[in-house]
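Student: I have a new model on my screen and would like to learn how to read it. Could you walk me through it?
Tutor: Gladly; let us take a look together.

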Amino acid sequence: MQHALNEARAAALRGEVPVGAVVVHRDGQIIAAAGNRTRELNDPTAHAEMLAIRAACRDLHCERLTGYDLYVTLEPCAMCAMAISHARIARLYFGASDPKSGGVIHGARVFSHPQCHHAPEIYDGLCATEAESVLKSFFGKLRGP
């Protein structure tokens, strides 16, 4: 999760919402890592999770990430949760909850729908305080004192 937090901090420095994601093999090897790049790429789908999944699939020459885990600093939105399902991620670890836009334990709860073909094991609250702090600091600077 520390690597994902570093990606989130790097995203903040680029002016992006500070979310980071890392795809990891079960043996602990990092396969891909990314931070949000929606503004930089002018792409509303360039969320950290989407970019990390795309990079991992490209590097592994496959469309499924069975046996791989995803660490992300913020609860994935519904779009990212569906991509996680389609990629067949084995386990999802995330830090901060997102009551406003989350799609895993809040909002759409994508993995609990009958239309969801695959639901990963979910572990929430990993380094949540640190992940929340990165987000609060970023938005605090935008809004000012």
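**Reading the model**

Tutor: Let us begin with charge: the chain carries 15 positive and 15 negative side chains, and the centres of the two sets are 4 Å apart. Lys and Arg count as positive, Asp and Glu as negative, while His and the chain ends are not counted; each charge is placed at NZ of Lys, CZ of Arg, CG of Asp or CD of Glu. This is a predicted model, in which local features need pLDDT of at least 70 and side-chain atom pairs pLDDT 80 or more, whereas totals for chains, interfaces and linings use all residues. Residues are numbered from 1 along each chain as its sequence is written, and side-chain values use heavy atoms, leaving out hydrogens and water.

Student: How many helices and strands does the chain have?

Tutor: Helices (H or I, at least four residues) and strands (E, at least two) are DSSP runs, numbered from the N terminus. Here there are five helices and five strands, in the order α-β-β-α-α-β-α-β-β-α along the sequence.

Student: What share of the residues is buried?

Tutor: Buried means under 20% relative accessible area, exposed over 50%, and partly exposed in between (1.4 Å probe, protein chains only). In this chain, 47% of the 145 residues are buried.

Student: Which residues have the most contacts inside the largest nonpolar core?

Tutor: A nonpolar core is a set of buried Ala, Val, Leu, Ile, Met, Phe, Trp, Tyr and Cys residues joined through side-chain atoms within 4.5 Å. The largest one has 45 residues, and Val23, Ile53, Leu65, Leu70, Ile84, Leu92 and Phe111 have the most contacts inside it. Helix 3 gives the largest share of this core, eight residues.

Student: What does Leu92 touch?

Tutor: A contact means heavy atoms within 4.5 Å. Leaving aside residues up to four places away in sequence, the partners of Leu92 include Leu70, Val72, Ile84, Val104 and Phe111.

Student: Where does His61 lie, and is the residue buried or exposed?

Tutor: His61 is in the loop between helix 3 and strand 3. Its phi is near 60 degrees, a positive value in a residue other than glycine. His61 is exposed, with a relative accessible area of 72%.

Student: What is phi of Arg109?

Tutor: Phi of Arg109 is near 45 degrees, again positive in a residue other than glycine. Arg109 sits in the loop between strand 4 and strand 5 (121–124), and is partly exposed at 44% relative accessible area.
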